[in-house]
Amino acid sequence: MNIRDRWQKLSKLPGHRLWFHLLLRNTVRYSATIPAQIESWEVGNIRVSMKDRPSVRNHLNSVHAVALMNLCELTSGLCVLSTLPDTVKGIPVRFSIDFKKKGRGLLVAEAQTEPRVITERTEFSLKVDVKDAAQDLVCSAEVLWLLQPK
């Protein structure tokens with residue numbers, strides 16, 4: 001059962017966001033260090049939000065760059081893995097990010113891709129955009145994934 005299937009199964013339960021966050025925290029511990037919430041998740045299309053909290057702020061009173069990078073990596077990972085069968089594994093091997101403005105308030109990361117068939121080791125690049133409540137682009141990241149059969 002892939003991670004999106006677990007999300008769908010848990011979404012039928014009361015408090016499903018908390019249950020999924022706990023599952024994620026036990027699976028990908030570092031990603032759970034940011035207050036991320038899945039807003040919507042279809043195969044190959046995901047929106048993940050992060051609240052601006054003191055735990056993710058920097059000395060400039062805005063969301064820290066590494067918290068934004070964490071949000072982008074988490075979003076890309078969930079998006080990519082939701083399109084792959086359980087017989088394929090993936091890991092990010094390159095990450096680039098362009099910061100456009102200070103992140104403040106509720107931030108929403110979005111990524112989209114198409115399901116793909118992986119029969120051999122291959123690289124795949126995915127773009128993630130993060131916008132604020134005014135729909136201004138806060139940052140744009142590109143994550144290069146190495147995908148291969150298990």
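1. Helix α2 (16–27) makes the greatest contribution to the lining of the largest cavity, giving four residues. Helices here are DSSP runs of H or I with at least four residues, strands are runs of E with at least two, and both are numbered from the N terminus. Besides α2, the elements β1 (36–42) and α3 each supply at least two residues of this lining.

2. The model is predicted: local features need pLDDT of at least 70, side-chain atom pairs count only at pLDDT 80 or more, and totals for chains, interfaces and linings use all residues. Residues are numbered from 1 along each chain as its sequence is written, and side-chain values use heavy atoms, with hydrogens and water left out.

3. The largest cavity has a volume of about 110 Å³. Fourteen residues line this cavity, with Phe 20, His 21, Ala 36, Gln 37 and Ile 38 closest to its centre. A cavity is a set of points on a 1 Å grid over the protein atoms alone where a 1.4 Å probe fits but cannot get out; a pocket is an open set with protein on both sides within 12 Å along at least five of seven lines; lining residues have an atom within 4 Å of a point. Points are joined across faces, edges and corners, and a volume is the space filled by probe spheres set on them.

4. The largest pocket has a volume of about 440 Å³. Its lining comprises 24 residues, and Ile 3, Thr 27, Val 28, Gly 77 and Leu 81 lie nearest the centre. Two or more lining residues come from each of α1 (3–10), α2, α3 (65–81) and β3 (88–99).
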